[in-house]
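Here's a quick briefing for anyone opening this structure for the first time.

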Amino acid sequence: MHDSHLSTAKPLFHAARDWGADLAAVADTSRLAGIETDPPDLLQGYPRAVSLAVRLSDGIMDPVTERPTPLYARHYQNVNALLDHIATRVSGLLQSWGGKALPIPASHIMDEERFVASLSHKAVALHAGLGWQGKSLLLITPRFGPKVRLVTVLTDLPLPANAPLKNRCGKCTHCVEACPAGAIKNASTDLHFAARQEAVDLDACVRQLRRNEQDTHIPPYLCGVCVSACPWGKPKRSG
Ligand code: B12
Ligand code: SF4
Ligand code: SF4
């Protein structure tokens, strides 16, 4: 193992950017204790998680004000493929440094009834300091708002971990008002991490996603209205 690579995660972040990541940071997985994973011992032997984000196109997302568009459906698939590609390459790099690496797919539901994946990318990103938990339950980044998709690579290399950010939703209710299903409950996500049902009526959201699929014939389940509605990440235009 080359210790020179481990005192800083910078070479890793540079490589990830070259491969297409817009944001990269490291979480200490002990902060994720208690979180649901599949399998339950997924994090065992992995003290760090590298969180990576690819920014979505503003041109694609701005028109997503009521329902998903065919262009968003395609973009969603392309960005997932890019994230999985970046995670594979990051895993290769970590292994070439003598570490263990486990990439978690960008979008892979393990339990179709309870809607859970093997690991929550949002929880990892949150603890890596990439953003905060919005009222929409999305990860909100200061630069791009929720207009990012996420992926995670677990590793045993002792990379320096980043610190979480403060919640900056404040009194904003844009996502609450924009949601076509009225599913976002305006719960405070400021002082603690809200559980899913506390902040979002998941059944109402899923019903809306199924309606969208029927109405638009766009697979898979998509919406994106709460992604597009957030003021964070929107350019501030004057005049
Ligand atoms: C299943 C799933 C869904 C389900 C359920 C959504 C939900 N709210 O959980 C459905 C189909 C409804 C859905 C909808 C959407 N999804 Co979705 N989805 C997923 C998926 C595949 C798994 C999520 C999961 O396992 N949840 C299980 C629960 C337990 O975890 P969680 O809700 O993520 O996190 C909670 C806990 O971990 C807790 N927590 C946080 N930190 C800590 C720390 C500790 C110690 C503890 C105990 C708990 C805790 O707080 C979180 C909130 O309750 C992820 C990809 C992934 N692997 O993460 C994408 C993902 C969450 N989806 C995403 C998106 C964008 C969407 C949609 C906008 C659809 C679209 N693409 O148009 C909507 C948004 C709905 C909404 N407002 O939440 C993105 C979010 C990106 C972002 N910026 O945040 C993700 C991360 C995909 C990706 N690769 O980027 N999704
Ligand atoms: S994905 Fe659509 S239906 Fe679900 S919470 Fe966001 S805006 Fe509402
Ligand atoms: S739209 Fe407003 S309330 Fe919703 S997540 Fe973004 S900043 Fe928070």
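Let's begin at ligand 3: around it sit Gly-134, Lys-135, Ser-136, Ile-140, Cys-169, Cys-172, His-174, Cys-175, Cys-230, Pro-231 and Trp-232, where being around a molecule takes a heavy atom within 4 Å of it. This is a predicted model, in which local features need pLDDT of at least 70 and side-chain atom pairs count only at pLDDT 80 or more, while totals for chains, interfaces and linings use all residues. Residues are numbered from 1 along each chain as its sequence is written, chains are lettered from A and ligands numbered from 1 in the order in which they are written, and side-chain values use heavy atoms, with hydrogens and water left out.

**Ligand shells**

- Sorted by class, the shell of ligand 3 comes to seven nonpolar, three polar and one charged residues. Here Ala, Val, Leu, Ile, Met, Phe, Trp, Tyr, Cys and Pro count as nonpolar, Asp, Glu, Lys and Arg as charged, and the others, Gly among them, as polar.
- Ligand 2 has Cys-179, Pro-180, Ile-184, Cys-205, Gln-208, Cys-223, Val-225 and Cys-226 around it. Helix H7 (202-216) and helix H8 (225-229) are the elements giving two or more residues to that shell; helices (H or I, at least four residues) and strands (E, at least two) are DSSP runs, numbered from the N terminus.

**Nonpolar cores**

- The largest nonpolar core has 39 residues, and Leu-12, Leu-52, Val-90, Leu-94, Val-153 and Leu-159 touch the most other members. Such a core is a set of buried Ala, Val, Leu, Ile, Met, Phe, Trp, Tyr and Cys residues joined through side-chain atoms within 4.5 Å; buried means under 20% relative accessible area, exposed over 50%, and partly exposed in between (1.4 Å probe, protein chains only).
- Elements supplying at least two residues each include helix H1 (10-18), strand S2 (48-55), helix H3 (70-96) and strand S8 (148-155). H3 brings the largest share, ten residues.
- Another core lies apart from this one, with 22 residues, among them Ala-27, Tyr-46, Ala-49 and Ala-128.
- Setting aside neighbours within four places in sequence, Val-153 has contacts (heavy atoms within 4.5 Å) that include Leu-52, Val-90, Leu-94 and Pro-103.

**A pocket**

- The second largest pocket has a volume of about 170 Å³. Its lining has 13 residues, with Leu-165, Lys-166, Asn-167, Asp-190 and Phe-193 nearest the centre. On a 1 Å grid over the protein atoms alone, a pocket is an open set of points where a 1.4 Å probe fits, with protein on both sides within 12 Å along at least five of seven lines, and lining residues have an atom within 4 Å of a point. Grid points are joined across faces, edges and corners, and the volume is the space filled by probe spheres set on them.
- Six nonpolar, five polar and two charged residues make up that lining.

- Most residues other than glycine have a negative phi, and most peptide bonds are trans.
- The Asp-38 to Pro-39 peptide bond is cis, with omega near 5°, and Pro-39 sits in the loop between S1 and S2.
- Leu-137, not a glycine, has a positive phi of about 75°; Leu-137 is buried, at 8% relative accessible area.
- Asn-186 also isn't a glycine, and its phi is positive, near 65°. Asn-186 is partly exposed, at 38%.
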